Amino acid sequence: MGRLRTVYADLHVHIGSTGRGEPVKISASRGLTFRSIAQEASERKGIELVGVIDCHSPAVQEDIFECLDSGEMEEAEGGGIRYRDTVVLPGCEVEVMEPGGGPFHLLAYLPTFEAMKSWTAWMAPRMTNVRLSSQRIRATARELQEELAARGGLLVPAHIFTPHRGLLGCSADRLDARLDPGGIAAVELGLSADTAMASRLGELDAYAFLTNSDAHSTGMIGRECNELELEKPTFEEWAKALKGEDGRRIAANIGLHPLLGKYHTTYCASCRKPIKDEAEAEAVCPGCGSTRLVRGVAGRISQLADRGQEEAERVMAKLRPPYRHQVPLSFFPGVGPKMKERLLGELGTEMSILHRLPEERIARTAGEKLARAIASARRGELLFESGSGGTYGRILGRP
């Protein structure tokens with residue numbers, strides 16, 4: 001076995017459009033192309049393994065072919081597509097709708113470009129428009145699992161607790177109500193949950209946790225990521241890390257503080273206000289009496305939990321790597337586009353600024369106030385206003 005090293009991985013990044021301007025993910029930035037994602041991850045973010053969701057689109061596959069044919073990129077031994085220091089894992093997000101619950105999203109990862117094209121060929125007659133992102137498929141989740149496994153792929157339920165398109169958030173009370181438990185490679189927690197929250201569900205003990213950005217714009221790549229111990233960034237090495245094989249592992253999950261997530265707290269869609277924790281169990285808004293509630297992730301986990309927090313923490317200590325709360329640069333007051341460009345230009349990648357550089361070095365470029373805030377975020381000392389109803393939370397300051 002070769003020497004293992006740290007690799008940062010963000011495994012859920014969307015494509016906004018093709019290199020020719022054809023839309024793919026309608027709600028994503030048009031600047032997010034297959035090529036630009038690889039460049040941003042490698043040159044500015046310090047992300048060596050990036051899952052590009054939407055590689056199933058035939059239009060995107062034209063871009064991939066051009067990158068490979070020109071020699072700008074190459075297929076990596078062990079799976080994935082290499083661009084400089086970064087390997088792209090070809091991925092796809094699929095929407096499934098089954099009786100008795102709402103629609104939910106699944107992430108499918110394939111080891112090679114050819115395997116992804118085969119996956120597209122299977123999906124195309126079962127979708128209205130296979131060229132677009134996150135389309136609903138006319139198949140069950142278990143059928144999808146079987147077809148993916150036949151191509152050497154791995155399946156991960158996406159942002160499992162969110163009220164919109166999360167399997168446990170809006171479709172079912174257990175993963176095994178929709179999926180074959182043996183065909184789940186890992187689960188993605190989403191921006192509004194962390195390990196401490198998810199560990200209250202015993203069903204999830206069998207699966208690795210992933211923390212991914214679900215980026216819809218270039219700047220959001222890496223806002224959540226995973227610290228992996230691998231020999232090199234490839235599909236095969238990542239698959240081993242999910243199982244903890246041959247020393248490969250997830251060394252840490254790095255994610256937004258859950259209070260910053262857009263769906264952490266329950267929200268009243270009528271009066272457009274968050275609902276306090278003590279009122280979340282009610283079916284009506286205590287302010288206006290409306291039943292039009294968007295159930296927050298924290299409240300939904302409390303509904304599903306079969307453990308108290310103390311027991312969950314004991315399980316965490318035994319089963320889970322540390323969860324490091326991260327505040328991306330864009331969340332700090334005073335960090336607009338110009339300041340962000342200055343920070344990246346003078347200090348290096350965002351991962352380095354957020355997690356490694358000394359406070360004094362950051363202060364010389366950004367000033368003492370911002371440097372203190374970044375250092376406080378590392379120590380878990382910041383106070384937040386929680387996000388709800390599709391609006392991110394925000395930094396309030398320090399105690």
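# Questions about a predicted chain

Colleague: Let's begin with Pro23: what relative accessibility does Pro23 have?

Modeller: This is a predicted model, in which local features need pLDDT of at least 70 and side-chain atom pairs count only at pLDDT 80 or more, while totals for chains, interfaces and linings use all residues. Residues are numbered from 1 along each chain as its sequence is written, and side-chain values use heavy atoms, without hydrogens and water. Buried means under 20% relative accessible area and exposed over 50%, with partly exposed in between (1.4 Å probe, protein chains only). Pro23 counts as partly exposed because its relative accessibility is 33%.

Colleague: And which residues does Pro23 contact, leaving aside neighbours within four places in sequence?

Modeller: Pro23 sits in the loop between strand S1 (5-14) and helix H1 (34-45); helices (H or I, at least four residues) and strands (E, at least two) are DSSP runs, numbered from the N terminus. Its C-alpha atom is 8.7 Å from that of Arg131, 108 residues apart along the chain. With contact meaning heavy atoms within 4.5 Å, the partners of Pro23 outside four places in sequence are Gly16, Ser17, Arg30 and Leu132.

Colleague: What do the buried residues of H3 pack against?

Modeller: Helix H3 covers residues 113-123, and its buried residues are Phe113, Ala115, Met116, Trp119, Thr120, Trp122 and Met123. They pack against helix H2 (58-70), strand S3 (74-75), strand S5 (86-96), strand S6 (104-109) and helix H4 (141-150).

Colleague: At what angle do helices H12 and H13 pack?

Modeller: Axes here are lines fitted to C-alpha atoms, for helices over the stretch in contact, and angles run from 0 to 180 degrees between N-to-C directions. For helix H12 (residues 359-366) and helix H13 (residues 368-378), the axes are 7 Å apart and the angle is about 145°.

Colleague: Which residues make that contact of H12 and H13, and is their crossing left-handed or right-handed?

Modeller: A crossing is left-handed if the near helix is turned anticlockwise from the far one by less than a right angle, and right-handed if clockwise; the crossing of H12 and H13 is right-handed. The contact is made by Glu359, Ile362, Ala363 and Ala366 of H12 together with, from H13, Glu368, Leu370, Ala371, Arg372, Ile374, Ala375 and Arg378.

Colleague: Which residues does Thr195 touch, not counting those up to four places away in sequence?

Modeller: Thr195 lies in helix H6 (residues 195-198). Its relative accessible area is 1%, so Thr195 counts as buried. Beyond four places in sequence, Thr195 touches Leu189, Phe209, Asn253, Met316, Arg320 and Tyr323.

Colleague: Which helix holds both Glu346 and Arg342?

Modeller: The side chains of Glu346 and Arg342 meet in a salt bridge (3.6 Å, N to O). Glu346 is partly exposed at 44% relative accessible area, and Arg342 is partly exposed at 41%. The two lie four residues apart, about one turn, in helix H10.

Colleague: One last stop: what is the phi of Arg272?

Modeller: Most residues other than glycine have a negative phi. Arg272 lies in the loop between strand S12 (267-268) and strand S13 (273-274), and Arg272 is exposed, with a relative accessible area of 64%. Although not a glycine, Arg272 has a positive phi of about 60°.

Technical notes. A salt bridge is a side-chain nitrogen of Lys or Arg within 4 Å of a carboxyl oxygen of Asp or Glu.
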